[in-house]
Amino acid sequence: ISVCQVGNRLVSCYENGAVRFWDLNGCPQPGGSEEAHRGCVKGVCAAGNGLVSWGIDGAIRFWDLDGIPKPNGIDKAHYGSVMGVCVVGEHLVSWGSDNAVFFWDFEGCRLPGNREIASLSVKGMCRAGNQLVIWDKDGAIRFRCLDGISKPVCIHEAHDGPIEGVCVAGN
């Protein structure tokens with residue numbers, strides 16, 4: 001399960017494919033869907049003037065802030081599961097179990113970008129200043145320009161095994 005706060009509402013997703021909306025007191029709110037995805041919803045996050053959800057069905061779904069699905073969902077953003085989505089300025093970056101990384105606008109259109117960002121399966125990604133921080137199963141933390149096209153800023157072998165998470169702290 002994953003939970004995200006959007007304004008004065010919470011949005012949750014669940015392994016049965018549901019995306020649900022709540023007020024900050026935990027009371028159910030209109031919006032969402034019990035069948036937002038086919039199978040487990042991996043996550044949800046605020047994006048632009050709405051939010052996105054993604055799941056093991058390979059789909060990315062777009063929602064308005066009232067919990068109404070937008071018609072511009074991407075049924076097959078990845079071949080296999082969408083493992084994560086990160087908001088980077090005015091666009092999204094997704095990574096999947098297919099080892100691909102794609103850049104999208106908030107309307108669901110794929111943007112030019114490098115799908116060969118990491119040599120192995122990406123475990124996670126976040127923004128740090130003007131670059132993406134990417135970590136994967138080989139123990140590396142990679143720094144990449146936000147456009148996804150430029151060559152990597154630098155590559156560090158940070159751990160001997162998979163990195164489970166990275167947090168950006170401070171400036």
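Start with two strands, β6 (50–55) and β7 (60–64): each gives at least two residues to the lining of the largest cavity. Strands here are DSSP runs of E, at least two residues long, and helices are runs of H or I, at least four residues long; both are numbered from the N terminus. The model is predicted, so local features need pLDDT of at least 70 and side-chain atom pairs count only at pLDDT 80 or more, while totals for chains, interfaces and linings use all residues. Residues are numbered from 1 along each chain as its sequence is written, and side-chain values use heavy atoms, with hydrogens and water left out.

Back to the cavity. What do I mean by the word? On a 1 Å grid over the protein atoms alone, a cavity is a set of points where a 1.4 Å probe fits but cannot get out, and lining residues have an atom within 4 Å of a point. Grid points are joined across faces, edges and corners, and the volume is the space filled by probe spheres set on the points. Rolling a probe the size of a water molecule over the atoms shows where empty space is left.

How many cavities of 30 Å³ or more does this rule give? One. The volume of the largest cavity is about 40 Å³. Its lining is made of Ala47, Asn49, Gly50, Leu51, Val52, Phe62, Trp63, Lys70 and Phe106. β6 gives the largest share, three residues. By class, six lining residues are nonpolar, two are polar and one is charged. The classes work like this: Ala, Val, Leu, Ile, Met, Phe, Trp, Tyr, Cys and Pro are nonpolar; Asp, Glu, Lys and Arg are charged; the others, Gly among them, are polar.

Now the sheet that holds β6 and β7. Three strands form an open sheet, in the order β5-β6-β7, with antiparallel pairing. β5 (41–47) and β7 are the edges; each has a single partner strand, so one side of each has no neighbour in the sheet. From one strand to the next, the twist averages 20°. Two strands pair if DSSP finds at least two bridges between them. β5 and β6 are joined by six bridges and run antiparallel. Valine 41 has glycine 55 in β6 as its bridge partner.

Step back to the whole chain. It has 15 strands and zero helices. Of its 171 residues, 46% are buried. Buried means under 20% relative accessible area, exposed means over 50%, and partly exposed lies in between, using a 1.4 Å probe and protein chains only. A contact means heavy atoms within 4.5 Å. Among contacts between residues at least 6 apart in sequence, 31% join residues at least 24 apart.

Next, the other open sheet on my list. Its four strands come in the order β1-β2-β3-β4, again with antiparallel pairing. β1 and β4 (28–33) are the edge strands, each pairing on one side only. The twist averages 25° from one strand to the next. Strand β2 (residues 9–13) and strand β3 (residues 19–23) run antiparallel, joined by five bridges. Arginine 9 stands opposite aspartate 23 in β3.

Cysteine 4 sits in strand β1 (residues 2–6). Is cysteine 4 buried or exposed? Buried, because its relative accessible area is 12%. Beyond its neighbours within four places in sequence, cysteine 4 contacts Arg9, Leu10, Val11, Val44, Cys45 and Ala46. Cysteine 45 is 41 residues away from cysteine 4 along the chain, yet their C-alpha atoms are separated by 5.9 Å.

Two neighbouring spots next. Glutamate 90 is in the loop between β8 (82–88) and β9. With 65% relative accessible area, glutamate 90 counts as exposed. Its C-alpha atom is separated by 7.3 Å from that of phenylalanine 106, 16 residues away along the chain. Histidine 91 belongs to strand β9 (residues 91–96). Histidine 91 is buried, because its relative accessibility is 18%. Leaving out residues up to four places away in sequence, histidine 91 touches Cys86, Phe103, Trp104, Asp105, Phe106, Leu111 and Leu146.

Last, a hairpin. Five bridges link strand β13 (residues 131–136) and strand β14 (residues 140–145), which run antiparallel. Tryptophan 135 faces isoleucine 141 in β14. The hairpin has three residues between its strands, and glycine 139 takes a positive phi near 85°.

Notes:
On a 1 Å grid over the protein atoms alone, a cavity is a set of points where a 1.4 Å probe fits but cannot get out, and a pocket is an open set with protein on both sides within 12 Å along at least five of seven lines; lining residues have an atom within 4 Å of a point. Axes are lines fitted to C-alpha atoms, for helices over the stretch in contact, and angles run from 0 to 180 degrees between N-to-C directions.
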